[in-house]
Amino acid sequence: MSLCHTCERLSINSLDRGPSGRHQDLVRELHSSVAKLESCASRCDLCRVFWASISIFCPPAVLQTLRNGGSYGGETRVFFLIDSAGNLPRLIPKSIINPLQVKLSENARKIHLFLGPSPSALNLGFVDILAKFGSPAASIIRGRIASGNDSSQFRVNMTKEWLLTCDHESCGNSSPRPMPTRVIDLGSGSPRLLDTHGRPGVYVALSYCWGQGRGIHKIKLRSENYDEFRTRGINESKMTLAHREGLQVTRELGYRYIWIDALCIIQGSDQASRDDWARESVRIPEVYGNAVLTVVAGRSDDSRKGFLKYQNNPAMDPKNAPSAVKCELPGGKTDACLLGIERSQDVGATDTRAWCFQEAILSRRMLIFGTEQLSFRCRECIYFEDGKFRACGDRNEWYDYTIPKDWTRRADVLNAWYEIAVEYSKRDFFDPCDNFAAISGVAQQFQSALRENNVKPRYLAGLWESDMIRGLLWKSMRLIDETQPPLRKPIAVSGAHQNQEIRTAPSWSWLGLRGPISQDVGKAYNPIMLDPTAYRCLPKSPKVWAGGNWDPVLVKHEDMPLPFKLDVRGSLREVRVSAVAVSQYPAALRWTGYYGIKPVARHAVLLEAAEKPALKEATLKNYNTVVAIGLFDLGGQPASTRIWAMLLTHDEGLLLQRTPDGYYERLGVFHQQWGYEQGSLQDIVLI
């Protein structure tokens, strides 16, 4: 395909500099309208790429207007400029940057398409500037793209190049470390199960989605095939595709050992298998923390599909294939580079799964097979196949807080835990009984970081006893984002209660429900952050909230000490749900000021003093009948006709219902209003 008049004059280096060196000199007009660009795309190979980018990126309604010859903001012309995408962030100390990193961090570029001559106008799309491995252009352009859907040599080259950049102290070197209890040995012939007895080695770990259902893996480790796997090996051809591909990547990169949960942890429902699962589940921090590399099958939501081939990648669509363009090199030389549509940096399905979330936090290095490109992440940096680069954010910082340091404040460690709890609550898992196991490894790391005088704090069903008040004040994310679904009770996927609601944690623990929560971490208005004397609820015994224990290593559902009782001393008062809507009560602004008018008006309820007559409407004369605004965890109104409120701080507390045996269960949270009168302290038990 030939090039149009504008594109045949296009040279990447000519875009990168202007006669005066000013930013506006880099702006070029491509076509007088989007409609003309679309028409030219059938004749010009580069316009085809530009049009593909616009058709993917531009909002459909706006795009349709422009295709029909209309304008947006009075403008129709399509302009472009070259834009930096991934230069070294200033926040990275120069001391951690070696010469190769500097080289890789230069000249990562993309072409920015927009409407009108100003880059601040409507964004239409982005096109990446790429180079083939080994080409002269690759010396100044770090963006890459696989030549095929499953290019083995390409990913080997990319991975080895990335591994060379990772010599950070926080990531550790590639020397042997203690291996998991079992690994798969690829050293000779068929893969074999190896009992390591804790000996050091260099191994890879696989992080992936199993998929829905229990009969997914045709071959997995069981008590009855244990000896066969060790002596005769494992029939690789019958393995689940993701497992076979994990072995393939391990071999390609020159490693001998790989850890895969279904092949290295005994699977089954008998007691011995469950015990092995429990033992190995709590060793997850060492499994992923000691692995030289974690291979993340991000793009696959089912292990039977594999992960080497893309599931749905627009960049691999032939009509969106990259197009060659002239690239001017230093010394007057020229070469061809490629222009391709911008690719997503999303990890994919594994980023929605609770187990994989924990594995990502604990891993030192990850080779991520993302939805649209390959990437590499360590504890300092993340590199993408398209050449973009950035410093690591939350997950690296979360892990940093688990490593005790003289300068680390305990409050910062707790804040990091609450941030992780919020993110974890957004993830899903097939079996709700895995809720504690899938965060056990991270909890163990934080327990070590929170120890004082060499004494580890008690971990009570997902909360830390040393910060119970704040821990108890979790809320449904609906109070932040009104579009979020309500929390829900977990449903058993097996056993005597299959397809029925089950209890997997105490009512006061966020791990007892499914769905996203909020913890209000670091909010200036939170009295707990400012004045701990604002507490209105205390443990019955000094500093001891519960008589039992719930350690992070407790992961088997059948061993959970339910009901897990909190012995507290608090003030209860009975309330009822008002017939008056929150939107009709002006004083509700006290809570909407924290969380926003829409979420509170849509999901919260007014709570009246039970001893006063029920309101039909809110007026200035009777407004003090409303004593609180509440949010029920499960949405709507509870089945219980009697509801109690217990303040935890000077303005927030828990909504409770009483059980037939005299205990109390959590229903939700509330924010007290001016009419709230605190009752006398009494000893109660929360379950």
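Which residues point one way from S26, and which the other way?

1. Ile643, Ala645 and Leu647 point one way from S26, while Trp644 and Met646 point the other way. In a regular strand, side chains alternate between the two faces of the sheet.

2. The model is predicted, with local features requiring pLDDT of at least 70, side-chain atom pairs counting only at pLDDT 80 or more, and totals for chains, interfaces and linings using all residues. Residues are numbered from 1 along each chain as its sequence is written, and side-chain values use heavy atoms, with hydrogens and water left out.

3. Strands are DSSP runs (E) of at least two residues, and helices are runs (H or I) of at least four, numbered from the N terminus.

4. S26 pairs with strand S23 (residues 566-577) in the antiparallel sense over 4 bridges; pairing requires at least two DSSP bridges between the strands. Trp644 of S26 is the bridge partner of Glu574.

5. Strand S27 (residues 652-658) runs antiparallel to S26, joined to it by 4 bridges. Trp644 has Leu656 as its bridge partner in S27. S26 and S27 form a hairpin with 4 residues between them.

6. The axes (lines fitted to C-alpha atoms over the stretch in contact, with angles from 0 to 180 degrees between N-to-C directions) of helix H13 (residues 354-362) and helix H16 (residues 437-449) come within 8 Å and cross at roughly 25°. The two helices H13 and H16 are therefore roughly parallel (angles under 35 degrees).

How values were computed. Buried < 20%, exposed > 50% of the residue type's maximum accessible area, 1.4 Å probe, protein only. Parallel < 35°, antiparallel > 145°, perpendicular 65-115°, else oblique.
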